[in-house]
Each structure stands twice: as C-alpha cells, then as structure tokens.
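Please look over the sequence and the model before reading on. The paragraphs below go through them step by step.

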Amino acid sequence: MSNAFSALIWWVVPAIGLIGALGYVTWVSKFEGKYQQETQRSVGQFQRFQDSLRDSQARDEAADDEAEGADGETSVTPGEINLNSAPPTQKPSRISVIRPDAN
C-alpha cells in the first residue's frame, strides 16, 4: 500500500464521519420538532379513539343492564333471537343440509 493511499484513507474516513455527524445534528435540530408534533398528534388521536371506545362499551353495558328485567332475564320480543340465553358452555348444534340427488 502506498503512502498516498494510506493518507487518503486517514483523511477521507474521518471527513466522511464528520460530515455525516454534522448532517445528522442539522437534521435532528430542524426536523425533530416536526416529527415529534406529528407523533404527539397521532398519540392524541389514538387516545381519543380509546376513550370513545370505552364510552361506547359503557353505553352498551348500561343499555344491556336496562334491558334486563327484575328477575335477571333479558327481555326479548316475540320473533327475536336472544343470543345471551344459552349457557356459555353449550356448544352450538350442527346444521346438516340434505340435498336431493342429482339423478
């Protein structure tokens, strides 16, 4: 290896490192606030979504509590299917379809 090539490496590598460090510091100082504001805005939107979801679930639970009668049974109008009436351990029954022969 020649002396000129060694000197080039010893000057070029630190120069590239210095330029990269200065570019990073400049980028962080100019654009960090912008990205941080966007992140805060996104976090705020997600928190509002979570709050609205909690409110919605609380309203649904309150409506379910109001729909229950004094004996704990859910009031169901005739012709309406009550999905809460089956015990949680009961498995749904299978429905078999009988098709006519194609002959």
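What follows moves from the whole chain to a pair of charged residues and then to a group of nonpolar ones.

The model is predicted. The chain holds 1 helix and 0 strands. Helix 1 covers residues 3-67. Of the 103 residues in the chain, 1% count as buried. The accessible surface of the chain is about 10100 Å², and carbon and sulfur atoms account for 57% of that surface.

Consider the charged side chains next. How many salt bridges does a search of the whole structure find? The search finds 1 salt bridge. Its partners are Arg 54 and Asp 51, whose closest N and O atoms are 2.9 Å apart. Both residues belong to helix 1, where they are 3 residues apart, about one turn of the helix. Arg 54 has a relative accessibility of 47%, so it counts as partly exposed. Asp 51 also counts as partly exposed, because its relative accessibility is 39%.

Now turn to the nonpolar side chains. Which residues form a nonpolar patch on the surface? The patch consists of Phe 5, Leu 8, Ile 9, Trp 10, Trp 11, Val 12, Val 13 and Ile 16. Together these residues have about 910 Å² of accessible area. One of them, Ile 9, is found in helix 1. Ile 9 has 35% relative accessibility and therefore counts as partly exposed. A patch residue needs over 30% relative accessible area and no salt bridge, and the 35% of Ile 9 is given above.

Key. Residues numbered from 1 in each chain as written. Predicted model: local features only at pLDDT ≥ 70, side-chain atom pairs only at ≥ 80, totals over all residues. Heavy atoms only, no water. Salt bridge = Lys/Arg side-chain N within 4 Å of Asp/Glu carboxyl O. Helix = DSSP H or I, 4+ residues; strand = E, 2+ residues; numbered from the N terminus. Buried < 20%, exposed > 50% of the residue type's maximum accessible area, 1.4 Å probe, protein only. Patch = residues over 30% accessible without salt bridge, like charges linked within 9 Å, V, L, I, M, F, W, Y side chains within 5 Å. Areas by Shrake-Rupley, 256 points an atom, 1.4 Å probe, with all protein chains shown as cover.
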